[in-house]
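Subject: Structure handover

Hello,

Here is the structure I promised to pass on. Please open it first, then read my notes below with the model beside you.

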Amino acid sequence: MGSMHPAERSTDTRPSAPSGDGSPFGSLSLEHSSTVERVADELRRAVFEGEIESGTPLREVAIAESLGVSRPTVREALALLVAEGLATREPNRGVSVSSPDPESVRDVSNARTVLETAGVRNWPEATEEARAGVRRALADYERAVAHDASYQELNQRHLAIHLSLVGLTGSPRLVSMAESIVAEMRLALAQIDRVRRNARDQAGSHHHLLDLLEDGDIDAAVAELGDHLHGAEEAIIERLELD
């Protein structure tokens, strides 16, 4: 491993594991890994806040200088973003922020509709814990709106509501699928500056959906969810000027 940039040197005073003892873990560095993750976190934040737009090249040198870390650290952080689908690596062109396209946005929307509708329809049979998860997710979102939270937090809280709906199915595998899909939707949503402007409307819409579920009007709740997801799909495509 190359020399560490001064900003990455650990302040941990605990004794390090002896090297050269034949241990297969002798080269591991918790401090370095933590630095890589912090760089990745900051890049994710900038993408989700809309500070870095789709298609923007992620230059190692510029990022390293801006954050005060080494290029190898940035390179590893970018590899994490590529693995998550937030960035794309192209031969001879380097890494750039991924760009949503109309077909992928519509496909994600269709997948969300299938998963979330399954959860909504299962409301009568869902566990009380799963139902409480939906109520809690909505309350967290409404609290974030009331406190004028950051774009990133509003985005996360909003999508957490939709994940909680999938949780009503009681299937960890479906929830895991939904989490992967939500990660793609976060990237699309990060490219449009609309959450702060309509966050209160979104909260009202989701509260209405929960009221329908609490009243046992499942068909109306399914229709409300469908309208919401379709509207979000069209708004994303329109604002990204993808058509």
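The buried residues of α5 are Ala-130, Gly-133, Val-134, Ala-137, Leu-138, Tyr-141, Ala-144 and Val-145. Seen down the axis, these buried residues fall within an arc of 125°, so they line one face of the helix. The arc is that of the directions from the helix axis to the C-beta atoms. Buried means under 20% relative accessible area, exposed means over 50%, and partly exposed lies in between (1.4 Å probe, protein chains only). Exposed residues Glu-129 and Ala-146 sit on the face of α5 turned away from its buried side.

Before you go on, two notes on the model. This is a predicted model, with residues numbered from 1 along each chain as its sequence is written. Local features need pLDDT of at least 70, side-chain atom pairs count only at pLDDT 80 or more, totals for chains, interfaces and linings use all residues, and side-chain values use heavy atoms, with hydrogens and water left out.

**The whole chain**

The chain has 9 helices and 2 strands. Along the sequence the pattern is α-α-α-β-β-α-α-α-α-α-α. Helices (H or I, at least four residues) and strands (E, at least two) are DSSP runs, numbered from the N terminus. Of the 243 residues, 41% count as buried.

The accessible surface of the chain comes to about 13400 Å², and 50% of that belongs to carbon and sulfur atoms. Accessible areas come from the Shrake-Rupley method with a 1.4 Å probe; for residues, only the protein chains shown count as cover.

Contact means heavy atoms within 4.5 Å. Among contacts in the chain with a separation of 6 or more, 73% are between residues 24 or more positions apart.

**The nonpolar cores**

In soluble globular proteins, nonpolar side chains tend to be buried together. A nonpolar core is a set of buried Ala, Val, Leu, Ile, Met, Phe, Trp, Tyr and Cys residues joined through side-chain atoms within 4.5 Å. The largest one here has 26 residues. Val-120, Trp-123, Tyr-141, Leu-154, Leu-165, Leu-168 and Leu-213 touch the most other members. At least two residues of this core come from each of α5 (128-146), α6 (151-167), α8 (195-214) and α9 (218-239). Which helix gives the most to this core? The answer is α5, with 7 residues. A second, separate core has 21 residues, including Val-36, Val-39, Ala-40 and Val-97.

Leu-168 is worth a click. Leaving aside neighbours within four places in sequence, Leu-168 is in contact with several residues, among them Val-120, Trp-123, Ala-130 and Val-134.

Next, find Arg-157 in helix α6. Arg-157 is partly exposed, at 32% relative accessible area. Neighbours within four places aside, Arg-157 is in contact with Ala-137, Asp-140, Tyr-141 and Ala-144. Arg-157 and Leu-138 are 19 residues apart in sequence and 8.0 Å apart in space, C-alpha to C-alpha.

Ser-109 lies in helix α4 (residues 102-121). Is Ser-109 buried or exposed? Ser-109 is buried, with a relative accessible area of 5%. Its side chain makes a polar contact with the side chain of Glu-233 (2.9 Å). A polar contact is a pair of N or O atoms within 3.5 Å; within protein, one must be able to donate a hydrogen and the other to accept it, and residues adjacent in sequence count only if both atoms are side-chain atoms.

Thr-35 is in helix α1 (residues 30-48). Thr-35 is buried too, at 4% relative accessibility. The side chain of Thr-35 makes a polar contact with that of Arg-38 (3.2 Å).

**Positive phi in two loops**

Asn-92 has a positive phi of about 65°, although it is not a glycine. Asn-92 is in the loop between β1 (87-90) and β2 (94-97). Asn-92 is exposed, with a relative accessible area of 85%.

Asp-148, in the loop between α5 and α6, also has a positive phi, near 50°. Asp-148 is exposed, at 62% relative accessibility.

Best wishes
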